[in-house]
Amino acid sequence: MSSADSTTAAQSGEAPRRTTKQRAAVREALGASDEFVSAQALHQSMRQSGSTVGLATVYRALAALAEDGEADALQSGGEALYRACTRTHHHHLICRSCGRTVELEAAAVERWAGQVAAAHGFVEPEHVVDIFGLCAVCAAAR
């Protein structure tokens with residue numbers, strides 16, 4: 001477990017999560033993709049590479065990685081998709097066709113979220129912003 005994992009767990013009052021060989025394999029496989037992937041697609045890719053990690057283990061590991069801030073998760077078409085990410089707060093620009101994903105920092109979004117929350121009497125706002133569109137390559141292919 002990285003020190004960041006231990007810090008996150010310690011700050012939340014939970015015991016640090018144990019890093020297993022399977023979780024490390026899932027983390028590595030997820031990091032090899034630049035796109036959001038489903039647990040099933042990741043599992044299939046791992047199997048093709050010779051891994052014996054089971055599908056249920058992949059689901060559990062991805063959920064843990066997302067909970068610990070090591071992966072982003074989003075819902076698309078009724079299933080969860082995951083992507084390795086930076087630990088800083090960010091947003092995504094995602095191609096609906098090929099899945100290309102760009103991490104964005106968006107100061108204007110942060111200001112807007114704070115202003116909307118304050119206007120309605122809310123404090124400590126949190127938000128998720130994912131923008132879906134077509135990347136230049138996919139748009140040109142149309």
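Guide: Here is a short walk through the chain, one topic at a time.

Guide: This is a predicted model: local features need pLDDT of at least 70, side-chain atom pairs count only at pLDDT 80 or more, and totals for chains, interfaces and linings use all residues. Residues are numbered from 1 along each chain as its sequence is written, and side-chain values use heavy atoms, with hydrogens and water left out.

Visitor: How many helices and strands are in the chain?
Guide: The chain has 6 helices and 6 strands. Both are DSSP runs numbered from the N terminus: helices are H or I with at least four residues, strands are E with at least two.

Visitor: What pattern does the chain follow along the sequence?
Guide: It reads α-α-β-α-α-β-β-β-β-α-β-α.

Visitor: How many bridges join strand 4 to strand 6?
Guide: There are 4, and the two strands run parallel. Strand 4 covers residues 91-95. Its Leu-93 has Ile-131 in strand 6 as bridge partner.

Visitor: New topic. Which residues of helix 2 are buried?
Guide: Arg-23, Val-26, Ala-29 and Leu-30, in a helix that spans residues 21-31. Buried means under 20% relative accessible area, exposed over 50%, and partly exposed in between, with a 1.4 Å probe and protein chains only.

Visitor: Why do they line one face of the helix?
Guide: Seen down the axis of helix 2, the buried residues fall within an arc of 125°, so they line one face. The arc is that of the directions from the helix axis to the C-beta atoms. An α-helix has 3.6 residues a turn, so residues three or four places apart point the same way.

Visitor: What is exposed on the other side of helix 2?
Guide: Lys-21 and Glu-28.

Visitor: And how much of the chain is buried?
Guide: Of its 142 residues, 30% count as buried.

Visitor: Which element gives the most to the lining of the largest pocket?
Guide: Strand 2, with 3 residues. A pocket is an open set of points on a 1 Å grid over the protein atoms alone, where a 1.4 Å probe fits, with protein on both sides within 12 Å along at least five of seven lines; lining residues have an atom within 4 Å of a point.

Visitor: Which residues lie nearest its centre?
Guide: Asp-72, Thr-88, His-89, His-90 and Val-128, out of 18 lining residues.

Technical notes: Pairing = 2+ DSSP bridges.
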